[in-house]
Amino acid sequence: MPDPIKAKCRKTAADGTTLTYDYWRGSWTDGDKVRHSVNLGNCEVTTKVQAREKLIEAIKADRKPTADQITVADWTQQHIDNMDAAPETVSQYVIARKQALECWRENKRLRDVTTDDVEDLMRYIRTHPVHKGKKKVSDYTVRNRLTSLGAMFARALVLPTKAKPYLHHNPFDDAEIPNPKGGAPNEYVTIEQTAQLLETAGDKNLRALVALTRLMALRFEEAASVEVGHIDWSKQAIAVQ
């Protein structure tokens, strides 16, 4: 168990004076080799024993499956739990998750999902209507379910960190997702193309729009309405309006 260490903190007060004090800092490396640090309290009011207890709690709270361990069930549930969207939208994601777990298996690892698995899921959705009495599943329904799952997998390309994500490729990007007659064709921007757009876009608003629509899987209208106050940095979540 890592031990808390003393560190210096300097803050500038409203009157311009600099305040300096000692605080307890804790650091640890998780299973994916990602380094974490946390402020455990001012040394004047927090003992080292108390700081160590806080550090233990912080490590326990951060404990999660590694990239090699995390399953489809774990990741999709985590994604749904963090969604801030209309109930109807969340319901679609829940149904898509349920059918994916029925088709594949509860303990299937996220990194083990292939494009062939996506094709199998497509056939499963077509032959397993969710609503009783319904004999046929439309191309629109198949497309919506796969698009919902594809969005959840897309988020795994940048989490838990961009440098060390759960996934390096989204298997849904290569699947032949049905395009209903009259529907807009499915065209996906790859993670490499997204990176190029973010690098070349000169306007910060355009970069934010690209990041929100591609990396956060928001619709254009949702992304355009996002304000800084809608972002919860500690939870890495956005309240979609």
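Guide: Let us start with helix H1 (residues 48-62), which lies across S2 and S3 and runs at about 50 degrees to S2. This is a predicted model, where local features need pLDDT of at least 70 and side-chain atom pairs count only at pLDDT 80 or more, while totals for chains, interfaces and linings use all residues. Residues are numbered from 1 along each chain as its sequence is written, and side-chain values use heavy atoms, with hydrogens and water left out.

Visitor: What makes a stretch a helix or a strand?
Guide: Both are DSSP runs numbered from the N terminus: helices (H or I) have at least four residues and strands (E) at least two.

Visitor: How do you know that S1 and S2 pair?
Guide: Two strands pair if DSSP finds at least two bridges between them. Strand S1 (residues 5-12) and strand S2 (residues 18-29) have 8 bridges, in the antiparallel sense, so they pair.

Visitor: What about S2 and S3?
Guide: S2 and strand S3 (residues 35-42) pair over 6 bridges, again in the antiparallel sense. Thr29 has Arg35 of S3 as its bridge partner.

Visitor: Why are S1 and S3 called edge strands?
Guide: The open sheet of 3 strands has the order S1-S2-S3. S1 and S3 are the edge strands: each pairs on one side only. From one strand to the next, the twist averages 45 degrees.

Visitor: Why are H3 and H5 called roughly perpendicular?
Guide: The axes of helix H3 (residues 87-103) and helix H5 (residues 139-155) come within 9 Å and cross at roughly 90 degrees. Axes are lines fitted to C-alpha atoms, for helices over the stretch in contact, and angles run from 0 to 180 degrees between N-to-C directions. Angles under 35 degrees count as roughly parallel, over 145 as roughly antiparallel, 65 to 115 as roughly perpendicular and the rest as oblique. H3 and H5 are therefore roughly perpendicular to each other.

Visitor: Why is Lys108 called buried?
Guide: Buried means under 20% relative accessible area, exposed over 50%, partly exposed in between (1.4 Å probe, protein chains only). Lys108 has 8%, so Lys108 is buried. This residue is found in the loop between H3 and helix H4 (115-127).

Visitor: Which residues is Lys108 in contact with?
Guide: Leaving aside neighbours within four places in sequence, Lys108 is in contact (heavy atoms within 4.5 Å) with Thr71, Val72, Val113 and Asp117.
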